[in-house]
Amino acid sequence: MNAELPRLLVVTSNNFNLVNGGGITLTNLFRGWPSDRIANVHEDRMPEDHSVCRRFYRLSEEEIRWRWPFSLARRWYGRIKTDDARPTKGGLWEVNSQGGRWLGLLKRAMGEGVPKYACLTDRLKAWIEDFRPTLLYTFLGSLEQLHLTRLLVERFQIPLVVHMMDDWPAIVYQRGWLAPIVGPVLRHELKRVLAMATARLAICEPMCRQYERRYGYKFLAFQNALDTERWLPYSRTAWKANEPFVVRYVGSIVRGAQEQSLLDVARAVAELSAAGTAIRLEIHAPRHESSYLRACKIPDHILCLKGPPDPATIAQLLAGADLLVLPYNFDPHSARYIRLSLPTKAPAYMMSGTPVLVYAPADVATADYARREGWGYVVCCAGTADVAAALRLLIDDETLRARLGRRARLVAQANHDATKVRPAFWNTLCAAAARDLGAVKG
């Protein structure tokens with residue numbers, strides 16, 4: 001089959017890596033794809049993983065440019081010391097120094113940061129021409145990514161596959177003083193790119209159904225897939241509780257997705273500890289994302305903040321916890337963003353056999369999936385009291401933990417096994433490259 005696989009140009013904001021959700025999903029879905037037939041154009045500063053893809057092009061400010069008049073301030077803006085700042089989801093820096101603090105206020109006023117556009121430089125075009133792609137695959141996620149995708153399709157005249165990872169169109173440029181100007185432009189550009197696509201994919205079935213109603217096209221569901229022969233040897237087969245009871249969160253912490261709800265979990269753990277329960281919360285996430293939890297002043301032996309996990313030992317790490325948590329924010333803005341998503345970490349959580357606590361609004365796709373398939377214990381009311389009650393129940397009931405763990409593993413094997421997901425995904429890409437619409441709609 002390798003000789004029939006298209007020469008795939010992957011255009012995403014993230015690269016192939018083993019740290020963030022997008023990078024892990026790319027790596028797992030394309031593992032085994034011939035390395036001479038895959039290349040990645042990206043904006044990521046994360047170290048690239050070369051186990052799947054070995055040809056990378058990182059976009060610079062020459063290819064991703066600020067729109068006028070914001071471009072007039074870019075040189076001055078770059079003089080701000082990054083030691084006094086931290087990155088935000090919108091791509092700007094939220095500056096902590098007294099002189100630059102107004103920039104954070106400016107970003108919030110704008111809503112989604114500086115509007116940008118893409119430029120096909122001679123260097124980028126030469127790099128792509130040397131690769132000779134026959135199919136373009138993209139996640140999208142911003143105005144500049146939309147613009148870049150359209151320019152590439154028009155310039156190289158190759159079929160396009162769009163894969164939607166979360167419902168960013170529902171929140172991007174919906175608020176802030178730039179929203180009335182940039183918002184309509186972004187949504188118009190998205191419609192143009194979707195119309196260009198030969199195949200349209202989404203992260204889960206609820207997103208497919210919603211997007212079909214919203215945009216008028218059929219979407220197919222593909223999400224992160226796991227190699228079961230790697231994961232199952234470490235999966236839990238016994239559910240006796242540790243002393244202390246270890247609650248664990250692994251992955252990124254995004255302000256508009258998990259930040260507030262993870263804080264609720266931390267406070268619930270602290271309340272139980274104060275009442276005499278032996279319990280600890282361990283968080284494995286980038287330091288700059290988890291540092292906000294220091295403000296709640298929970299002792300280190302109760303709240304342990306650690307860096308991202310070693311990809312080589314992630315299966316053991318997840319199986320070694322007593323409980324894994326999947327928190328989602330309850331505020332309206334976050335809920336719109338995450339409502340149709342299934343996180344990259346969910347299949348890994350499930351395959352570990354460790355029981356999962358899903359703390360999320362009831363209409364979030366992940367909460368519905370966990371409740372419907374019985375692989376997670378769902379708390380859908382905001383507040384530490386309900387979280388603490390769920391934790392007490394799960395600590396005391398070994399039978400419940402065992403039932404959740406076994407069921408989660410079975411569902412993961414049925415729905416997220418790479419030996420099933422990956423061939424279907426690759427066949428969809430091959431059909432798109434051949435412009436075989438019947439096969440894509442299959």
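I began just after α7, where G216 takes a positive phi of about 85°. Helices (H or I, at least four residues) and strands (E, at least two) are DSSP runs, numbered from the N terminus. The model is predicted: local features need pLDDT of at least 70, side-chain atom pairs count only at pLDDT 80 or more, and totals for chains, interfaces and linings use all residues. Residues are numbered from 1 along each chain as its sequence is written, and side-chain values use heavy atoms, with hydrogens and water left out.

I then looked up burial (under 20% relative accessible area, 1.4 Å probe, protein chains only). In α7, residues 205-215, I found P206, M207, C208, Q210, Y211 and Y215 buried. Their cover, by contact (heavy atoms within 4.5 Å), includes β9 (160-164), α6 (179-196), β10 (199-202), β11 (220-221) and α14 (365-373).

Next I traced the sheet, in which strands pair if DSSP finds at least two bridges between them. It is open, with 7 strands in the order β3-β2-β1-β8-β9-β10-β11 and parallel pairing. β3 (56-58) and β11 stand at the edges with a single partner strand each, so one side of each has no neighbour in the sheet. Strands β1 (residues 8-11) and β2 (residues 38-42) run parallel and are joined by 4 bridges; V10 stands opposite N40 in β2.

Which strands does α17 touch as it packs on the sheet? I noted β1, β8 (135-138), β9, β10 and β11.

Key: Buried means under 20% relative accessible area, exposed over 50%, partly exposed in between (1.4 Å probe, protein chains only). Axes are lines fitted to C-alpha atoms, for helices over the stretch in contact, and angles run from 0 to 180 degrees between N-to-C directions.
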